[in-house]
Amino acid sequence: MNKIVIAIDGFSSTGKSTIAKRLAKQLNYIYVDTGAMYRAVTYFALKNDFIKNKKLDSEALISSLQDINISFKFNDELGFAEVYLNGENIESEIRTLEVSSYVSPVATLSQVRRKLVEQQQLMGKGKGIVMDGRDIGTVVFPDAELKIFMTASVETRAKRRFKELLECEHNLSYDKVLENVITRDRIDSTREDSPLVIADNAIEIDNSDLNIEEQVETILKLVNKSIKKDLT
């Protein structure tokens with residue numbers, strides 16, 4: 001079967017990664033979580049004290065980019081690839097609210113974006129890939145055969161994120177999570193380098209009232225249409 005590139009963009013906590021993983025598994029495609037890559041850089045910055053008193057030392061981080069090696073290794077038990085930073089599994093560490101609070105400022109740095117976009121484009125050269133993030137359809141793969149933009153209400157996304165975070169962080173308030181979601185939306189949408197926007201030919205899906213199965217079914221139909229169109 002002819003393989004395509006599937007680019008999934010959208011706001012934080014819209015479940016992009018969950019849907020992308022399901023699609024990749026059903027299509028036997030490679031899945032790449034670009035958000036995890038930016039989280040890995042953020043985690044690196046926190047571990048090396050480049051973030052102090054809620055301020056990011058961007059110059060120190062940029063000068064250390066050559067020391068960052070991000071990779072993905074498939075975990076058979078979990079059924080998806082986990083993130084590794086310089087050989088260390090950091091899948092759990094990058095999912096905290098602390099990392100979430102600083103990932104958007106880190107992602108605004110042009111030098112960080114250039115480094116990661118180059119890696120992402122290399123991953124998709126052979127097609128047969130599902131990649132989710134903020135600028136996949138606009139910057140990483142502007143010629144992707146299928147572009148999806150996922151959205152949901154702020155309240156719905158905050159509730160999802162709060163439930164997810166409660167599994168590893170117990171001293172947490174919903175209001176803090178809601179504030180974080182709103183702040184990330186503002187930073188992601190207004191940054192100078194590769195802001196979060198809907199690509200001209202992207203198909204927008206509001207999943208506020210859709211379950212995972214409904215979303216996957218909807219996108220699989222779009223995939224089949226795109227493959228048929230690509231063959232003509």
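This is a predicted model: local features need pLDDT of at least 70, side-chain atom pairs count only at pLDDT 80 or more; totals for chains, interfaces and linings use all residues.
Residues are numbered from 1 along each chain as its sequence is written, and side-chain values use heavy atoms, leaving out hydrogens and water.

**Overall build**

- The chain has nine helices and ten strands, taken as DSSP runs numbered from the N terminus (helices are H or I with at least four residues, strands are E with at least two).
- The radius of gyration is 17 Å, which agrees with the value near 17 Å for a compact globule of 232 residues; the radius is taken over C-alpha atoms, and the rule is 2.2 Å times the number of residues to the power 0.38.
- Along the principal axes, the C-alpha trace spans about 55 × 40 × 35 Å.
- Among contacts with a separation of 6 or more, 73% link residues 24 or more positions apart (a contact means heavy atoms within 4.5 Å).

- Five strands make an open, parallel sheet in the order 2-8-1-9-10, where pairing takes at least two DSSP bridges between two strands.
- Its edges are strand 2 (30–33) and strand 10 (203–206), each pairing on one side only.
- Neighbouring strands here are turned by 20° against each other on average, direction ignored (axes are lines fitted to C-alpha atoms, for helices over the stretch in contact, and angles run from 0 to 180 degrees between N-to-C directions).
- Strands 1 and 8 run parallel and are joined by five bridges; Ile-8 has Asp-132 in strand 8 as its bridge partner.
- Helix 1 (residues 16–27) packs on this sheet and touches strands 1, 2, 8 and 9, with its direction at about 180° to that of strand 8.

- Another open sheet has three strands in the order 5-6-7, with antiparallel pairing.
- Strand 5 (70–75) and strand 7 (88–89) sit at the edges.
- Six bridges tie strand 5 to strand 6, and Ile-70 stands opposite Leu-85 in strand 6.

**Nonpolar cores**

- The largest nonpolar core has 38 residues, and Val-41, Leu-61, Ile-68, Ile-70 and Val-112 have the most contacts inside it (a core is a set of buried Ala, Val, Leu, Ile, Met, Phe, Trp, Tyr and Cys residues joined through side-chain atoms within 4.5 Å).
- Elements giving two or more residues to this core include strand 1 (5–10), helix 4 (97–107) and helix 5 (110–123), but the largest share, nine residues, comes from helix 2.
- Leaving aside residues up to four places away in sequence, Val-112 touches Tyr-38, Val-41, Leu-61, Leu-65 and Val-106.
- Apart from that core lies another of 21 residues, with Ile-4, Ile-6, Ile-148 and Val-216 among them.

**A look at Phe-141**

- Phe-141 is found in the loop between helix 6 and strand 9 (146–151), and is buried with a relative accessible area of 10%.
- Beyond residues up to four places away in sequence, Phe-141 touches Val-5, Gln-120, Gln-121, Gly-124, Met-131, Ile-136 and Lys-147.
- Phe-141 and Met-131 are ten residues apart in sequence and 9.3 Å apart in space, C-alpha to C-alpha.

Methods
Buried means under 20% relative accessible area, exposed over 50%, partly exposed in between (1.4 Å probe, protein chains only).
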